[in-house]
Structure formats: structure tokens, C-alpha cells
Amino acid sequence: MTKAILHSAVSIGVLIFTTSAYAQALPEAESVSGDDIVVTGTIVSGEMKSIAAQRKADNIVNVLTSDGIGRLPDRNAAEAVQRLPGVAIERDQGEGRFVAVRGLPSQWNSTLINGSRLPTAEEETTSRATAFDFFPSELIEQVVVAKAITPDMEGDAIGGSVNFITKTAPDKRTLQLTAGGNYSEKADKAGFLVNGLYGDRFADGKFGFVLSGSYYKRHWATDNYEPRRGGDGIGITRLELRDYTGERETIGLNGAMEYAFDDGGKLYARGIYGSLKDDETHYKHRLNFASNRVEVQNIFNTLITELLGGEIGGVHMLGGDGGAKFDWKAAHYENLFRYGNTPDGRDNSYFVVRFDQRNVGYTGLDNRGSGNLAYNEIDGGTDPADAISNHLPSSFQMDPSLTRLANVELYKIRVKETDRIVLEGNLTLPASDTLTFKAGVKYRDKLRDATFEDLFYTWNRAAGPVPTLADFPLMNQPGRGQYLDELAIGKQYSGQFSQVVSEKDLVNWYLANRDNLVLDAAGSATAENGGALGRTFRLYEKQAAGYAMATWNPNDAVTLLGGVRLEHTKTTVAGQVLVNVGWKMSGAPTIICRSCPRCI
């Protein structure tokens, strides 16, 4: 199926800014006898540039420089920008991930690198929010957060625009090396980080370059419980006891070079690479009250996010000092999300092996017409919100020989978004000392590929008895001894946990028994039954924009800015639709691809 969506937008705005004088004349100090007292204050160059940029800006901006970032233990771009007013971040496993401006959702903001809209690739394919946990803060020279949009900025920033500017060639030879360590108390493991930067200038300062890199390894662990509500909306049908551990590796590389002309213009090239590899192990005990069973999930996955891109551009002075200026840029960026080789390169996925012990005999449940459920005290039940009982008999113990294989799940997602080419040009023309005109154009050609399927397999009984936990080498899950030790209820939970299986043993079992598993077609989300089609597609987006604006500064206290911007976006989506739900002899429905010639 192919859909074409055209959007055209015109924005006209006038911004008026008034500023008070930053300093006032002070009366002369009375002369005093004795020695002179001299008070000297200092401010680092980065802070000076930051303050100067905020004062000079024609709109409302906040600027953060590398000096400010380096003073604080912010390990990625999202955490660096949280220090600015009006900016908040969303975290994943304790680390900053998404950026929100003025309290609005992160997908309503425009996120840029060096002024170019950053492609986004997320595990879930429905949002344009950009994750920044893969982007090390050591690569950032400056962050500019704009809370008022002017015509020379892209029009999709409802909340604001966040522009991460990477490091460029220094003014003189620079070598920086840093190293550090870290320790996770919850995971009881240590990690480390190393960063390096080298830059220099030649040819009387005209040619400059910089190379920088960062590697950061850390361990993490979390535990929590999550109640799932039943059909009446308030009763707890399932209580999930989650114990997560993982290891994260972040790699960042940045390179830039430039050649400066005598008149203040320049030519430049930049390249960047960032990646996050998150190797996770999850053990979940799911107390399914409604179904009278305990589900033990052994979950293993490696999430990988990679950003790669670069740009070339120039700034050309057309009229000498105070004259016209033309700047241009051509860029290419791509962002990829994928799962690593778990359980192997053929079935790389979010890998889940679930075992069930049935007929456990939960006690103290309440049936109000939606089955046997647990209820919180506020809903007329017996369970405090921070101490939900497991409702298992006090003598209950998990029995590995009774905990049978329920299913194997392979949850597969791959998303890649590529700005294949971004072209931009801007002309700035001073008309007088107080009036400046500016106009420009921009073109973007974007491609987004997304594939998805969620496959469930059950044991083929013709291959023998259904495996149980007793058929595997067992161990205690990593966080069992400290599970929810902040809460009194934690010991009740962990005291009745089952033992679990290591990733190595389950992967080896799966590879040896892959042919003994049968696809549960009805319970899976596939192309054949239509369940995966909504998240499997190819999207083409072409955007052209142009603007014109004028800025008038009659005095230091007033700025009048007005302009118009026109954007035209064409979006074409190619995918598949299920057009015939009748079953053929093969047992599969008819799928027609509306985007390829043989199906049109």
C-alpha cells in the first residue's frame, strides 16, 4: 500500500524583545585611606561565549558550553542539557535518554546536530523522539536550546529546538586525555571510561582539525514490581516481580577540519559516530492470580543503537566587513536500532523463554465478577500499594520438576532512518546598521525502514516430554539476595522465587532444539496473519522549505523580527495490507503488497 501525504505550511511571526541595560553607572566611591583593595573575578572562555550568545540571540535561547558540561558527571548528551532552565529529561535504567522542553513531550521538540535534524530510530517505531543515551557528552562543544522559533528554523519544534554542536578545530594545538572509573552498588561491578582529543592548526592558523573519541563501560541493575490490572480496571490480575541486570558500552568518535579565509569565511567538514550497546538480562516472576499459575521468564537481549553521519559546508563573505554573507551545507545522517545476536545471528531478537508452574493455590483473592484478583486497600482490598502480597500459601515453594516450558518468544525489531541528503543555503544581507535581511532554502530526502515480528513457539510433543526447569542447570538470579531490600515485602517475594537458567545454557538448549519448537501462528504477530504489518513499512519523506525574514535593531533595548517560512512535505509509505482473510489450503491468508509492481 502506498500513501502520499502532502503538507504545506506558512508561518508568519513577529517577535519583540526588550532588554534592560546590564550595567548602570555607579557613583564614584568615596576615597578612603589605607592600602588599595583589589578584587579580581575570572570567567572561563566557554562561559563568556555562552553568555554572549544568549545576549546576542534574537530569540529566547539558553546556551551550554563544554566548560559547563565538563564540570559535572553527565555522561551523555541528554544528561548534559538537563542543566538548562525549562529542560527536563526522561531516563532509562537511571540514564538520561529523551529531552523535553517546557514540559511538552519529547517528540514535539526538534533535535539537531550541528543544525541538521537528527534521524531517529527507536525500539518502538511510532515516535520521532530522539534518544541521546548513545551520544557521549565529551563530543559536545555547545548546546543551544531555542524556546522561541524564528523563520530560519524548522517549523516542527512545538516545544523548542535543541541543537547539539560537536567539537571543532581549536585555536591552538590541544591534547586532552581523561580516564575514570565507576561502580554500581546494585550490580556490584565496576566499569571505566577513557576520552581523548587532539587538535591543531597549520598554515598561519588557516587550516585546523580535531579528532576526539570516547569509550564508556558501566554495569547497572534495577528491581521493581509492577501490578497489572484486570478486566474491571482496578483488580490486580498479575503481579510482575522484575530483576534486571546489564552492561552498557558507549562509543563516540568525532572528527572535523576547516580552512579559514582571510576575510572571515571558511570551508569545513565534520563527521560523527556514536553507538550504545546494552546487554541485558531480565528475570521475571509473574504471579498470575487470574490463571492460578506462576510464570518464570528468562529474558536476554542486546539492544544496539548507532548514529553515523557527516557534513560539508562553507561560509563566504560577499561584501567585506559588515557586508553580505552566504553559508551553505550538505549533510548525510543515519540512525539504526537493532537487536544483537541473541540467541544467534539468525534469530537476533528480544529472547524470552517462559516456564509455568500451575495450580499454585493463591489465597486471599477476591472475585468481583472479573475472576480471582487482588485489590489494594484503597479499592476495598487488603493489599497496601507498597506491599502487595504474593498471595501464595506460606508453605509454597517453586518445584523445578513441575515448572514446565510454556513458550519461547522471539521479539524482533529493526528500524533505520536515513537523511540521505540534506541541502541548505542562507543569505544574510545587512541593509543598514540597524536593519538586516535574511533568506534561505532547505531540502531533505529521508528514508525510514522498519521491520517487526513477534514470534511465539511451543514445544512439539512429538519430540518428547515437555522440558521443565529440572532439565537445566539452575542458579539463583543475580539480584535475588537484595531484591527490593528497601521494602519489607521484598523478602517475602524473593523467599519464594524459583531458581533460573543462565543465558548460556538457554541459548545452547534453543540452538539444539530449534527444530523441536512449533510456531504458534495464532498467538504471534506476523506478516501472514497481519499482526506485524502495521510496524513493517518503508517511508519516504521529501521536504522543501524556504523563508525570508528581517531584523530591525533601532537601539540596544529593542529588537523587531518578522518573517515568513513555507514548508512543503511529501510523505510516501510503502507497506503491505491484509486484503483477504479467507484461508487457502496452505493455511495462510492472502497478503497483497500495494507498493510493488507485481501487486499493483
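This is a predicted model: local features need pLDDT of at least 70, side-chain atom pairs count only at pLDDT 80 or more; totals for chains, interfaces and linings use all residues.
Residues are numbered from 1 along each chain as its sequence is written, and side-chain values use heavy atoms, with hydrogens and water left out.

**Confidence**
- The chain's mean pLDDT (the predictor's confidence in each residue, from 0 to 100) is 86, with 88% of residues at 70 or more.

**Overall fold**
- You'll find 5 helices and 24 strands here; these are DSSP runs numbered from the N terminus (helices are H or I, at least four residues; strands are E, at least two).
- Of the 600 residues, 46% are buried (under 20% relative accessible area with a 1.4 Å probe, protein chains only).
- Among contacts with a separation of 6 or more, 71% link residues 24 or more positions apart.

**Second largest pocket**
- The second largest pocket holds about 590 Å³ of space.
- A pocket here is an open set of points on a 1 Å grid over the protein atoms alone, where a 1.4 Å probe fits, with protein on both sides within 12 Å along at least five of seven lines; lining residues have an atom within 4 Å of a point.
- Grid points are joined across faces, edges and corners, and the volume is the space filled by probe spheres set on them.
- There are 27 lining residues, and Asp92, Arg97, Glu123, Glu280 and Leu303 are the closest to the centre.
- Strand E13 gives the largest share of the lining, 5 residues.
- The lining splits into 14 charged (Asp, Glu, Lys, Arg), 8 nonpolar (Ala, Val, Leu, Ile, Met, Phe, Trp, Tyr, Cys, Pro) and 5 polar residues (the others, Gly among them).

**Asn254**
- Asn254 sits in strand E12 and counts as buried because its relative accessibility is 4%.
- A polar atom of its side chain lies 3.2 Å from the backbone oxygen of Lys167.
- Beyond four places in sequence, Asn254 has contacts including Leu139, Thr166, Val210 and Ile272.

**Phe472**
- Phe472 is in the loop between strand E20 (435-459) and helix H4 (490-495), and is buried at 10% relative accessibility.
- Leaving out residues up to four places away, Phe472 touches Phe355, Pro467, Val501, Leu506 and Trp509.
- Trp509 is 37 residues from Phe472 along the chain, with 8.9 Å between their C-alpha atoms.

Notes. Buried means under 20% relative accessible area, exposed over 50%, partly exposed in between (1.4 Å probe, protein chains only). A polar contact is a pair of N or O atoms within 3.5 Å; within protein, one must be able to donate a hydrogen and the other to accept it, and residues adjacent in sequence count only if both atoms are side-chain atoms. Contact means heavy atoms within 4.5 Å.
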